[in-house]
Amino acid sequence: MGGDVVLELDYEGYRGRDDYPSIGGCYYAARIAVLEALRSMRRQAAVILWREIYPGFNLPIGVWWVRENIRAMLNGPYERFYELSDA
């Protein structure tokens, strides 16, 4: 709700989670969108998602926004990076 750019972080290792993520439902909304895309590709992958939250984006619009925007992103054109530092 302030004037700063915010970066939220959470993760899941190879063996899964045993606690609730600190960023709440947005974590699971992003996870389901990615898992749907990977299933349709018949692939497994390590996934890194960045969500940048800028000043002025202070509406509590819910996890549906995260889920639907990630679904749209994964259905659109993509860029391929061979090194993490390039991404």
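Helices (H or I, at least four residues) and strands (E, at least two) are DSSP runs, numbered from the N terminus. Keep that in mind for the labels on this tour. The model is predicted, so local features need pLDDT of at least 70 and side-chain atom pairs count only at pLDDT 80 or more, while totals for chains, interfaces and linings use all residues. Residues are numbered from 1 along each chain as its sequence is written, and side-chain values use heavy atoms, with hydrogens and water left out.

**Stop 1: the tyrosines**

Select Tyr-20, Tyr-27 and Tyr-28, which ring pairs link into a cluster. Rings of Phe, Tyr and Trp (its six-membered ring) pair if their centres lie within 6.5 Å; planes under 30 degrees apart count as stacked, over 60 as edge-to-face and the rest as tilted. The structure holds 2 aromatic pairs. In the tilted one, Tyr-20 and Tyr-28 sit 6.0 Å centre to centre, with 40 degrees between the planes. Now turn to Tyr-27 and Tyr-28: their ring centres are 5.2 Å apart and their planes stand at 90 degrees, so this pair is edge-to-face.

Next, colour by accessibility (buried means under 20% relative accessible area, exposed over 50%, partly exposed in between; 1.4 Å probe, protein chains only). Tyr-20 is exposed at 59%, Tyr-28 is partly exposed at 34%, and Tyr-27 is buried at 12%.

**Stop 2: a loop**

Move to Ala-46, in the loop between α1 (25-41) and β2 (52-53). Ala-46 is exposed, with a relative accessible area of 82%. Show Tyr-14 too: Ala-46 and Tyr-14 are 32 residues apart in sequence, yet 9.3 Å apart in space, C-alpha to C-alpha.

**Stop 3: the largest pocket**

Finish by selecting Val-34, Val-47, Ile-48, Leu-49 and Met-73, which are the closest to the centre of the largest pocket among its 48 lining residues. α1 and α2 (63-75) each supply at least two residues of this lining, and the largest share, 12 residues, comes from α1.

Colour the lining by class (Ala, Val, Leu, Ile, Met, Phe, Trp, Tyr, Cys and Pro count as nonpolar, Asp, Glu, Lys and Arg as charged, and the others, Gly among them, as polar). There are 30 nonpolar, 6 polar and 12 charged residues.

On a 1 Å grid over the protein atoms alone, a pocket is an open set of points where a 1.4 Å probe fits, with protein on both sides within 12 Å along at least five of seven lines; lining residues have an atom within 4 Å of a point.
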